[in-house]
Structure formats: structure tokens, C-alpha cells
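Biologist: Hi! I'm new to this one, could you walk me through it?
Modeller: Happy to, let's have a look together.
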Amino acid sequence: MRLNEENERCLLYLDAFTRKPLIATAERQLLERHIPAILDKGFMMLMDGHRIEDLQRMYSLFSRSIVMDEEKDKDMVSSLLEFKASLDSILEESFSKNEAFCNTIKDSFEHLINLRQNRPAELIAKFLDEKLRDGNKGTSEEELEGTLDKVLVLFRFIQGKDVFEAFYKKDLAKRLLLGKSASINAEKSMISKLKTECGS
């Protein structure tokens with residue numbers, strides 16, 4: 001609520017260029033400074049009380065900086081992949097893949113990744129373009145295939161799939177026409193995966 005109020009105030013009274021640093025400062029003061037204290041003192045209480053909505057809210061707030069910080073766009077997809085892998089590991093090893101936790105993580109991740117509408121869709125397409133270019137020839141087929149599978153998990157969360165498709169098609173055409181593709185098998189594999197997800 002406070003972050004939304006700051007955003008509103010900025011739109012009403014301040015220059016548009018002020019918005020980005022102001023929201024970043026507000027997030028730092030209201031969230032980042034308090035993460036250790038909240039996790040140390042409040043997390044167990046929320047877990048013990050099975051307060052799913054509060055945990056979801058905490059998760060959404062603490063993880064929003066990955067998606068909302070435009071200065072970190074270059075690393076957004078890598079950060080999201082690391083964050084998701086970390087959550088999946090905790091869910092599996094500590095919580096026996098509890099269904100309620102699993103659904104909460106899924107809902108929160110979907111909310112998080114769509115906070116900036118179409119930008120994550122574009123960045124995921126660009127990330128795939130980087131991975132499928134011939135500059136990644138040092139990567140084995142198995143590693144590349146594993147990366148594609150992980151990115152596909154993020155793809156399922158995005159709402160702007162048409163935006164992703166537009167960027168992916170353009171990048172794919174460039175790779176093929178300019179002979180810049182790292183692996184034709186990987187290209188076919190990714191197209192097959194997307195076809196399974198979205199149809200022809």
C-alpha cells in the first residue's frame with residue numbers, strides 16, 4: 001500500500017524522471033532494510049500459523065526487486081531462474097513438495113513475473129536468443145537442453161505470450177538466415193517445446 005501511495009504521489013506532484021529513483025529508495029527503506037529482521041522474527045510465526053496469504057504477500061514484496069528494477073533487466077532472467085531453482089529446492093528438500101506451498105509459489109511467481117506487463121516476455125525471448133546463438137558453442141547439448149527446459153518454466157508464467165512470440169520469431173529468423181545458430185537440434189527442440197505449450 002505504501003509503495004502504491006509513493007507511486008501515486010510521484011505521478012501527481014513530481015517530475016516523471018523522479019519516479020524510478022524514488023520507488024527504488026522507498027523499496028530499499030521499506031523492504032530491503034528489514035528483510036533479515038522479518039525473516040528472523042516473523043517467518044516462523046507465519047509458517048507455524050499456516051498464513052498462506054501473508055507468506056504470499058511477503059514473497060511478492062521481497063522478490064519484486066528482481067522484476068521491477070529496470071537497471072537489472074540484463075540479469076533479470078538469470079536471477080529469476082536462480083530464484084526459482086532455490087525455491088524449488090527448498091520446497092522439495094524441506095517441505096516434501098507440500099501442495100499448498102507449491103500452489104502459493106506458483107501463484108506468487110506468476111504475479112511477480114507479470115508486474116511489468118510485457119517486458120519479462122521480451123527479456124525471456126532475448127535470453128533464449130543469447131543461449132541459442134553460436135557464441136555459446138562451449139555449452140554442451142545437455143546443458144543447453146537443461147537451460148531451455150528451465151526457461152520454459154518461466155515462459156509458462158508470462159501473460160504476454162504473443163509479445164514473446166513476436167521477439168522469438170524475429171530472433172529465430174536472424175539466427176537461421178545469418179547462420180548464427182549454435183545448434184539446429186536445439187532450435188528444433190525449442191520449437192517443439194513451444195508447440196507443445198501453445199499449439200502450432
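Modeller: First, a term: helices (H or I, at least four residues) and strands (E, at least two) are DSSP runs, numbered from the N terminus. This is a predicted model, where local features need pLDDT of at least 70, side-chain atom pairs count only at pLDDT 80 or more, and totals for chains, interfaces and linings use all residues. Residues are numbered from 1 along each chain as its sequence is written, and side-chain values use heavy atoms, with hydrogens and water left out.

Biologist: Thanks! Which helix does Glu110 lie in?
Modeller: Glu110 is part of helix α7.

Biologist: What does Glu110 touch, not counting residues up to four places away in sequence?
Modeller: Glu110 touches Phe157 and Gln159, where contact means heavy atoms within 4.5 Å.

Biologist: Let's switch to α6. Which residues are buried there?
Modeller: Met76, Val77, Leu80, Leu81, Lys84, Leu87 and Leu91. They sit on the same side of α6 because they cover an arc of only 135° around the axis, the arc being that of the directions from the helix axis to the C-beta atoms.

Biologist: Why would residues a few places apart point the same way?
Modeller: An α-helix has 3.6 residues a turn, so residues three or four places apart point the same way.

Biologist: What's on the face turned away from the buried side of α6?
Modeller: The exposed residues Glu82, Glu93 and Ser94.

Biologist: OK, how about the largest nonpolar core: which residues touch the most other members?
Modeller: Among its 40 residues, those are Leu80, Ile124, Leu154, Phe164 and Tyr168. Such a core is a set of buried Ala, Val, Leu, Ile, Met, Phe, Trp, Tyr and Cys residues joined through side-chain atoms within 4.5 Å. Domain 2 (36-116) and domain 3 (117-199) both give residues to this core, so it lies between them. Those bounds come from an automatic or database domain assignment.

Biologist: How many residues of domain 2 and domain 3 are in contact?
Modeller: 15 residues of domain 2 meet 15 residues of domain 3. The two domains bury about 1400 Å² between them, with 72% of it on carbon and sulfur atoms. Buried area here is the accessible area (1.4 Å probe) that two parts lose on being put together, summed over both.

Terms used
Buried means under 20% relative accessible area, exposed over 50%, partly exposed in between (1.4 Å probe, protein chains only).
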